[in-house]
Amino acid sequence: MFAPILFAVATFVLKSRFIKATEMDFVTGLDEVIADTYDEPPPKNFWEKFWRWIVSASPASLGLVHHAYMRLQF
């Protein structure tokens, strides 16, 4: 019940408006996004595999975010 009221107040205060999908620009900056996304080559040895595992370990991949979220639910 609170979300629609908050949305209406924020829309009024910030003077925002809805934009049609036909008016949106989905092309500007697309080349930068494509250049930043690439597939990394597979690891060649144990140390590269270990390093990739260390670097890719994040709270979300370890399940810590889900655990913290579940503690917030009643």
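What follows is about a nonpolar patch and the ring pairs linked to it.

Keep in mind that this is a predicted model. Let's start on the outside: F46, W47, F50, W51, W53, I54 and V55 make up a nonpolar patch on the surface. Taken together, these residues have about 880 Å² of accessible area.

Where does W53 sit? You'll find W53 in helix α3, which covers residues 46-56. F46 and F50 also lie in helix α3, four residues apart, or about one turn of the helix.

Now for the rings. Searching the whole structure turns up five aromatic pairs. One of them joins F46 and W47, an edge-to-face pair with 5.2 Å from centre to centre and 70 degrees between the planes. F46 and W47 are both exposed. F46 also pairs with F50: the ring centres are 6.2 Å apart and the planes are at 20 degrees, so this pair counts as stacked, the cut-off being under 30 degrees. Ring pairs tie F46, W47, F50 and W53 together into a cluster.

How open are some of these side chains? Here are three of them:

| Residue | Relative accessibility | Class |
|---|---|---|
| F46 | 55% | exposed |
| F50 | 37% | partly exposed |
| W53 | 55% | exposed |

F50, at 37%, counts as partly exposed.

Notes: Residues numbered from 1 in each chain as written. Predicted model: local features only at pLDDT ≥ 70, side-chain atom pairs only at ≥ 80, totals over all residues. Heavy atoms only, no water. Patch = residues over 30% accessible without salt bridge, like charges linked within 9 Å, V, L, I, M, F, W, Y side chains within 5 Å. Areas by Shrake-Rupley, 256 points an atom, 1.4 Å probe, with all protein chains shown as cover. Salt bridge = Lys/Arg side-chain N within 4 Å of Asp/Glu carboxyl O. Helix = DSSP H or I, 4+ residues; strand = E, 2+ residues; numbered from the N terminus. Buried < 20%, exposed > 50% of the residue type's maximum accessible area, 1.4 Å probe, protein only. Phe/Tyr/Trp six-rings, centres within 6.5 Å; stacked < 30°, edge-to-face > 60°.
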